[in-house]
Amino acid sequence: FLDGTYGVNPEALPLPEVDLYSDHFYPMDVDRLQLDVSRVNQADKVFFAGEFGWTQGNLTAFLAALEELQAHNCYWSLFPHADSYGFVQH
């Protein structure tokens, strides 16, 4: 099961029913990512970055930290370019 709170709730880490913990990063914050991963790893659970913004912060450093920490992540939204201008929205 996935903990449904926003961010890693240290009080929920001991729950045996919860296997996965996640957080969202707007803006991207490598220090907070490291803290989240450390807390979750100490509880012998799995962490993933459920969402992160690309426009605020250092994307290269954030992606490198995800890889270094062996943290899972997923894209929330990817928008292709529109034929005329801008991006195609949901």
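User: Before we start, what is a nonpolar core here?

Analyst: A nonpolar core is a set of buried Ala, Val, Leu, Ile, Met, Phe, Trp, Tyr and Cys residues joined through side-chain atoms within 4.5 Å. Please keep in mind that this is a predicted model.

User: Thanks! How many residues has the largest nonpolar core?

Analyst: The largest nonpolar core has 17 residues. Those with the most contacts inside this core are Tyr-21, Phe-25, Leu-33, Phe-47, Phe-52, Phe-62 and Leu-66.

User: And which elements give two or more residues to this core?

Analyst: Those elements are E1, helix H1 (30-42), E2 and H2. As general background, nonpolar side chains in soluble globular proteins tend to be buried together.

User: Let me step back for a second. What pattern does the protein chain follow along the sequence?

Analyst: The pattern is β-α-β-α-β, with 2 helices and 3 strands in the protein chain. The C-alpha atoms fill a box of roughly 50 × 25 × 15 Å along the principal axes.

User: How much of the chain counts as buried?

Analyst: Of its 90 residues, 30% count as buried. The accessible surface of the chain comes to about 6300 Å², and carbon and sulfur atoms hold 55% of that.

User: Okay, aromatics now. How many aromatic pairs are there?

Analyst: There are 2 aromatic pairs. In one of them, the ring centres of Phe-25 and Phe-62 are 5.3 Å apart and the planes sit at 55°, so this pair is tilted.

User: Where in the chain do Phe-25 and Phe-62 lie?

Analyst: Phe-25 lies in strand E1 (residues 20-25) and Phe-62 in helix H2 (residues 59-68), so their pair ties together parts that are 37 residues apart in sequence.

User: Are those two buried or exposed?

Analyst: Phe-25 is buried, with a relative accessible area of 0%, and Phe-62 counts as buried at 0% relative accessibility.

User: What about Phe-52 and Phe-62?

Analyst: Phe-52 and Phe-62 form a tilted aromatic pair, 5.2 Å centre to centre with 45° between the planes. Phe-52 lies in strand E2 (residues 46-52) and Phe-62 in helix H2, so this pair ties together parts that are 10 residues apart in sequence. Phe-52 counts as buried too, at 7% relative accessibility. Phe-25, Phe-52 and Phe-62 form one aromatic cluster.

User: Nice. Which residues does Phe-25 touch, leaving out those up to four places away in sequence?

Analyst: Phe-25 touches Arg-32, Leu-33, Asp-36, Phe-47, Ala-49, Glu-51, Phe-52, Gly-53 and Phe-62.

User: Switching to H1: which of its residues are buried?

Analyst: In H1, Leu-33, Asp-36, Val-37 and Val-40 are buried. These four cover an arc of only 95° around the axis, which puts them on the same side of H1.

User: Why would residues three or four places apart point the same way?

Analyst: An α-helix has 3.6 residues a turn, so residues three or four places apart point the same way.

User: And what do the buried residues of H1 pack against?

Analyst: They pack against E1, E2 and H2. On the other side of H1, Asp-31 and Gln-42 are exposed.

User: Last one: how far does H1 reach from its first C-alpha to its last?

Analyst: H1 has 13 residues and reaches 18 Å, close to the 18 Å expected at 1.5 Å a residue.

Conventions: Residues are numbered from 1 along each chain as its sequence is written. This is a predicted model: local features need pLDDT of at least 70, side-chain atom pairs count only at pLDDT 80 or more; totals for chains, interfaces and linings use all residues. Side-chain values use heavy atoms; hydrogens and water are left out. Buried means under 20% relative accessible area, exposed over 50%, partly exposed in between (1.4 Å probe, protein chains only). Accessible areas come from the Shrake-Rupley method with a 1.4 Å probe; for residues, only the protein chains shown count as cover. Rings of Phe, Tyr and Trp (its six-membered ring) pair if their centres lie within 6.5 Å; planes under 30 degrees apart count as stacked, over 60 as edge-to-face and the rest as tilted. Contact means heavy atoms within 4.5 Å. The expected span of a helix is 1.5 Å times one less than its number of residues. The arc is that of the directions from the helix axis to the C-beta atoms.
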